[in-house]
Amino acid sequence: MNATLAEKKGKYYIIIDYKDSSNKRVLKWISTGLDVKGNKRKAEEIMREKLEEFQNDYSYRQNPESDVLFADFIEDWLERSKANLQASSYGSYQLQVKAISKYFREKGIKLLDLKPIDISNYYKWMEKQGKSVQVREHFHVNIRKCLQTAVKADLIPSNPADKVERPRSPKHIAKFYDGKMLKELFDKLKGDRFEYIYKITAMYGFRRSEIMGLKWKNIDFDKNMILVSHAMVQTRINGKSVIIEKDRMKNQSSLRSLPLLPVVKDILLQEKAKQEENKKNFGKLYSTKYEDLVCVDELGVRLKPDTISGHFKRVLTNNNLPIINFHELRHSCASLLLSMGVSMKEIQAWLGHSTYETTANIYSHLDPTAKFNTASAIVGMFGTKENIEEQERIRQNAINKIDEERNLEKANLTKEIEKGMNSYQKEESIEEIDEEIAMLELKLAEKRKARLLKNEQDEM
């Protein structure tokens, strides 16, 4: 392989002479864009650079593993990564890779030919399809991961995703209930079949996977401690909804021991007694497969995480409460702790965040009075008596304004709920169907029990 300069219509061109995979001689012409007059040295420099680039590219193309469609490569990458992924993560990745490979397969783009503009165009296409910036960001992360393995395996010279501007999600401002709203929620929950789940979640700030995976063996009623060491998630794998239990937590900090609050102890003991009563009443119909799980239905069958989330939304809607999602009970716990003066470091330990920064980034905005308190502290140290009194007036006015804004927000949310009530009630979700099936199964079990009792009485 060699390169020479050629003149054509007063311009310098580079001719690269090489043999292709079938050993056939090929001459590749590349324009330098330079006039012949006075540019020979510069043209020679460009020629050397282009020859080096072509040689690098040529060596990659001689590798048959590089000569594949990007769609095939990313599918293979997912299967190779499967052993190192949690089942829930694999399910999420599978859906993303399926969508990515479909798009690029239709384009027919090979791994070596994938350019930054191709990836950028894909994100633009996703946006036109109504995909949120958060979704596009998740897709970008996996495309880059996939291509980075190709770089490490010497299948491509560089990662084209590194030259694409990453879709950036706006900072998520979590919704939450303050202490007053949580008390109102608890009042509305009285008698609800999942009351104990929602109350415990709000008081401990558990993730959904943590409360659903809570086991009786990890609750020490004598030492008054709860060990968070088991999780349950619901995801989709191969197009099917599956429930996965795991003893591996999200991170090391998620594995934590917490004091058993007296109010939670009472709730748990009542639920345990209720489950024992159900086990006695339903006899052989009661499932013993999940008897170590705290969150089970009347027949001892583990509850689906999606069912708990869907039911929570209906509870809020039916009681005209501001709509938050189930995970935002966790944010509500954090906001309550902040309002009571608990430090960020202590909240980090309570919630099981891996770093202090995670806690601060998510929840620092939940205490809008903090900056005014800081200002008051500085004025108290260095200001005059008049300065201190003025700062206190400013602080109090700010607090009053914040309270007014919160009350207005609550009123607006209530109006939105009332408007959406009719349309929401017309929709029947998968979770609602699951609940109806569970209720029918319960009624059937009760009929079976009544029939068994009748038969026993007849035999007597």
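1. A residue is called partly exposed when its relative accessible area falls between the buried class, under 20%, and the exposed class, over 50%. Aspartate 35, at 39%, therefore counts as partly exposed. The model discussed here is predicted.

2. Aspartate 35 has a charged partner: lysine 11 forms a salt bridge with it, and the closest N and O atoms are 2.7 Å apart. The two residues come from distant parts of the chain, 24 residues apart, with lysine 11 in strand S2 (residues 11-19) and aspartate 35 in strand S3 (residues 25-35). Lysine 11 is also partly exposed, its relative accessibility being 31%.

3. A second pair joins two helices. Glutamate 75 and arginine 105 meet through their side chains in a salt bridge of 3.4 Å, N to O. Because glutamate 75 lies in helix H2 (residues 70-81) and arginine 105 in helix H3 (residues 87-107), the contact ties together parts 30 residues apart in sequence. Glutamate 75 is partly exposed at 31%, and arginine 105 is partly exposed at 35%.

4. This pair belongs to a network of salt bridges that links Asp72, Glu75 and Arg105.

5. Arginine 302 and glutamate 245 form another salt bridge between side chains, at 2.8 Å from N to O. Arginine 302 sits in the loop between helix H9 (262-282) and helix H10 (305-318), while glutamate 245 is in strand S7 (residues 240-246), 57 residues apart. Arginine 302 has a relative accessible area of 22% and is partly exposed; glutamate 245 is partly exposed at 29%.

6. The pairs described above are among the 15 salt bridges found in a search of the whole structure.

Conventions. Residues are numbered from 1 along each chain as its sequence is written. This is a predicted model: local features need pLDDT of at least 70, side-chain atom pairs count only at pLDDT 80 or more; totals for chains, interfaces and linings use all residues. Side-chain values use heavy atoms; hydrogens and water are left out. A salt bridge is a side-chain nitrogen of Lys or Arg within 4 Å of a carboxyl oxygen of Asp or Glu. Helices (H or I, at least four residues) and strands (E, at least two) are DSSP runs, numbered from the N terminus. Buried means under 20% relative accessible area, exposed over 50%, partly exposed in between (1.4 Å probe, protein chains only).
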